[in-house]
Amino acid sequence: MFYHPVSFTRANKMEKAGGKKITLLDKHGVKWPVNLLIEKGKGKMHFGRGFKEFINSIGIEGYYSIVLELVWEDTTTPMFKFCSKIKTLH
C-alpha cells in the first residue's frame, strides 16, 4: 500500500481529495484513474482501486520505491506523474 504522509497531504491541500478519483500518469503518458482513500481519524491517504494496474504498467515488482510528482490537472483534481523507480535493499 502506498501511503501519503499527513504532512504531504496538508502541505498540498489534499484533505478534500479523499474519496475521489485521481489520475496517475505513467512513463508513456497514459492516464490511469485511481481511487484516493483517506483513513478517517488518522488523516492518512493512500491509493485504492486502480493502483495495482498502474504499478504493473510501469513494471514495478518487489523491493522498489517509486518517485511521483504531484501535478494539478485543474484546481481540484490532483494527478501524480511517474518519474522513476529505485531499487531498495531488503
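Contact, in the legends below, means heavy atoms within 4.5 Å. The structure shown is a predicted model.

View 1. Leu37 belongs to strand S3, and the residues in contact with Leu37, once its neighbours within four places in sequence are left aside, are Gly19, Lys44, Met45, His46 and Gly48. Leu37 counts as partly exposed because its relative accessibility is 34%, a value that lies between the limits of under 20% for buried and over 50% for exposed. Val6, which is 31 residues from Leu37 along the chain, has its C-alpha atom 13 Å from that of Leu37.

View 2. Leu36 is placed in strand S3 and counts as buried because its relative accessibility is 0%. The bridge partner of Leu36 in S4 is Phe47, whereas Lys81, 45 residues from Leu36 in sequence, lies 15 Å from Leu36 in space when the distance is taken from C-alpha to C-alpha. Asn35 is likewise found in strand S3, and its side chain is joined to the side chain of Lys21 by a polar contact of 3.3 Å. When residues up to four places away in sequence are not counted, Asn35 touches Lys20 and Lys21, together with His46, Phe47, Gly48 and Arg49.

View 3. Strands S2 and S3 run antiparallel to each other and pair over six bridges; Ile22 has Val34 as its bridge partner in S3, and Leu24 stands opposite Trp32 in S3. These two strands, S2 and S3, form a hairpin with five residues between them, and in its turn Gly29 has a positive phi of about 85°. The pairing of S3 with S4 is also in the antiparallel sense, over three bridges. Six residues lie between the strands in the hairpin of S3 and S4, where Gly41 takes a positive phi near 85°.

**View 4. The largest nonpolar core.** The largest nonpolar core of the model has 18 residues, and those with the most contacts inside this core are Leu24, Phe47, Phe51, Phe54 and Phe80. Two or more residues of this core come from each of strand S2 (20-25), strand S3 (31-38), strand S4 (45-47), helix H2 (51-57), strand S5 (64-72) and strand S6 (78-87). As general background, nonpolar side chains in soluble globular proteins tend to be buried together.

**View 5. Phe51 in helix H2.** Phe51 lies in helix H2 and is among the residues with the most contacts inside the largest nonpolar core. Phe51 counts as buried because its relative accessibility is 12%, where the limit for that class is under 20%. Leaving aside residues up to four places away in sequence, Phe51 touches Phe2, Leu24, Val34 and Ile66. Asn12, by comparison, stands 39 residues from Phe51 in sequence and 21 Å from Phe51 in space, C-alpha to C-alpha.

**View 6. Asp26, a buried acidic side chain in the loop between S2 and S3.** Asp26 is placed in the loop between S2 and S3. Although Asp26 is buried, it has no salt bridge, and the nearest side chain of opposite charge, that of Lys27, is 8.0 Å away; a salt bridge would call for a side-chain nitrogen of Lys or Arg within 4 Å of a carboxyl oxygen. The side chain of Asp26 does, however, reach the backbone nitrogen of His28 at 2.8 Å. When residues up to four places away in sequence are not counted, Asp26 touches Trp32, Phe54, Ser57, Ile58 and Phe82, of which Phe54 is among the residues with the most contacts inside the largest nonpolar core.

**View 7. Gly59 in the loop between H2 and S5.** Gly59 lies in the loop between H2 and S5. Gly59 is partly exposed because its relative accessible area is 34%, which falls between the limits of under 20% and over 50%. Gly59 and Met45 are 14 residues apart along the chain, and their C-alpha atoms are separated by 23 Å.

Notes:
Residues numbered from 1 in each chain as written. Predicted model: local features only at pLDDT ≥ 70, side-chain atom pairs only at ≥ 80, totals over all residues. Heavy atoms only, no water. Core = buried A, V, L, I, M, F, W, Y, C linked by side-chain atoms within 4.5 Å. Buried < 20%, exposed > 50% of the residue type's maximum accessible area, 1.4 Å probe, protein only. Helix = DSSP H or I, 4+ residues; strand = E, 2+ residues; numbered from the N terminus. Lys, Arg positive; Asp, Glu negative; His and termini not counted. Polar contact = N/O pair within 3.5 Å; in protein donor to acceptor, adjacent residues only side chain to side chain. Pairing = 2+ DSSP bridges.
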